[in-house]
Amino acid sequence: IADRQEGIGVCGWILVSLLFLLVLITFPVSIWACIKLVIGEYERVVVFRLGHILSKKAKGPGMILILPCTDTLIKVDLRTVTCIIPPQEILTKDAITTQVDGAVYYRIHSAVSAIASITDVHSATFLLAQTTLRNVLGTQSLTQLLASQEEIAHSIQAILDSTMEQRGVKVAQVEIKDVRIPVAVQRPVAAEAEAAREARAKVRSTAIGKMNASKALKQASMVLAESPAGLQLHYLQTLTTLAAENNSTIVFPLLINVLESLGQKNRGG
C-alpha cells in the first residue's frame, strides 16, 4: 500500500491549500460540508484524496472530517461474514462421485488492503473457497472424507487464510456441513462397513475366548503341579474318554514312575 501512496503533485497541493483556505474563510458554515458521516464501532473508512489513499490505516470509529471536492470515502464492514458454499460435485481419489457443501467464516482485518488490492473481496473469498474445497477433497478417498472431516476443514482453512491474508482477510473457520453419496454407492459402502464390523467383532471375541482359556489352563496347571498323582489321574481319564468315543486301538506311553510303583508293589507282594 505504501508504494501506491505517491505524491499528489504541485497542482494537487495547490488545490488542497485553496480548499483549506476556503474552509477557514467560510467557517463555521463550511464545517457541515466537512463532516461527512459517523462511523460505527464495527466499521472503518478508507479515504482517497485526489485518487490517492490518504493514510495507511483506515479511519474510524467516530466522526470523519474530510475536504469537500477532493476526498472520497469507501466504507468497510469488519464484522464476521458467513459464506455458504453450495453443494459441490467432487470426484474422490477412489473415483466416487459425491456432493459436499460447507461454510466459511471470515472477516476483514485490514480495510486498506481489502480495498486497494482487490475489486470485490467477498466474491473473491467465495470463489476461492469453492475452488479450494474441490481441490482438497479431490485428493481424499471416500473413507478419509467421511472419517476425517475436521482435519480436512483445518487444511482448507490454512490454504484460504494463507492466500487471503495479504488481501486483508482473516479466515476464522471452515466447516464441512454435509457429504452426500449416491444411492447406488451407499449399498456397497454399507456392506463393506458391515463386513468390517463383523470381522472386528469375530477377532475380538476369539481373542477374548483364547485369553480366558489360557487363564483357565494356567490355573489348572498350577493346581496339577501341586499334586503329581492328580496329573496321572487326569492323564488316565483322558485316555478313557478317547477310548469311549473312538472304537480303535490306542497306543500310549506308560509313565516311568507308574512302572516303578508297580514294581515296588510286586516285590513287596
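1. The helix α4 buries V121, A124, T125, A129, Q130, T132, L133, V136 and L137. Here buried means under 20% relative accessible area, exposed means over 50%, and partly exposed lies in between (1.4 Å probe, protein chains only). The model is a predicted one, in which local features need pLDDT of at least 70 and side-chain atom pairs count only at pLDDT 80 or more, while totals for chains, interfaces and linings use all residues. Residues are numbered from 1 along each chain as its sequence is written, and side-chain values use heavy atoms, with hydrogens and water left out.

2. As to the overall content, the protein has 9 helices and 8 strands. These elements are DSSP runs numbered from the N terminus, helices being H or I with at least four residues and strands being E with at least two. Of the 269 residues in the protein, 26% are buried. The accessible surface comes to about 17800 Å², and 60% of this belongs to carbon and sulfur atoms; the areas come from the Shrake-Rupley method with a 1.4 Å probe, and for residues only the protein chains shown count as cover.

3. Contacts, defined as heavy atoms within 4.5 Å, may be considered next. Among the contacts in the protein with a separation of 6 or more, 69% join residues 24 or more positions apart.

4. Helix α4 has 17 residues, and the distance from its first C-alpha to its last is 24 Å, close to the 24 Å expected at 1.5 Å a residue. The expected span is 1.5 Å times one less than the number of residues. The cover over the buried residues of α4 includes β6 (81-91), β7, α5, α6 and β8.

5. Helix α6 has 16 residues and reaches 22 Å from its first C-alpha to its last, close to the expected 22 Å. Which residues of α6 are buried? They are I152, A153, I156, Q157, L160, D161 and M164. Seen down the axis of α6, these buried residues fall within an arc of 165°, so they line one face of the helix; the arc is that of the directions from the helix axis to the C-beta atoms. An α-helix has 3.6 residues a turn, so residues three or four places apart point the same way. The face turned away from the buried side of α6 carries the exposed residues E151 and S162. The buried residues of α6 are covered by elements including β7 (97-108), α4 (121-137), α5 (142-147) and β8 (169-180).

6. D161, in helix α6 (residues 149-164), is buried, with a relative accessible area of 14%. Apart from its neighbours within four places in sequence, D161 is in contact with V169, K170 and V171. K170 belongs to strand β8 and is partly exposed, with a relative accessible area of 32%. Not counting residues up to four places away in sequence, K170 touches Y105, Y106, R107, H109, D161 and E165. The C-alpha atoms of K170 and L160 are separated by 8.7 Å, the two residues being 10 apart along the chain.

7. A local point of backbone geometry concerns A95. Where does A95 lie? A95 is in the loop between β6 and β7. Its phi is near 60°, a positive value in a residue other than glycine. A95 is exposed, with a relative accessible area of 60%.

8. The charged end of R79 sits over the ring of Y42, 3.9 Å from the ring centre. The rule requires NZ of Lys or CZ of Arg within 6 Å of the ring centre and within 35 degrees of the ring normal.
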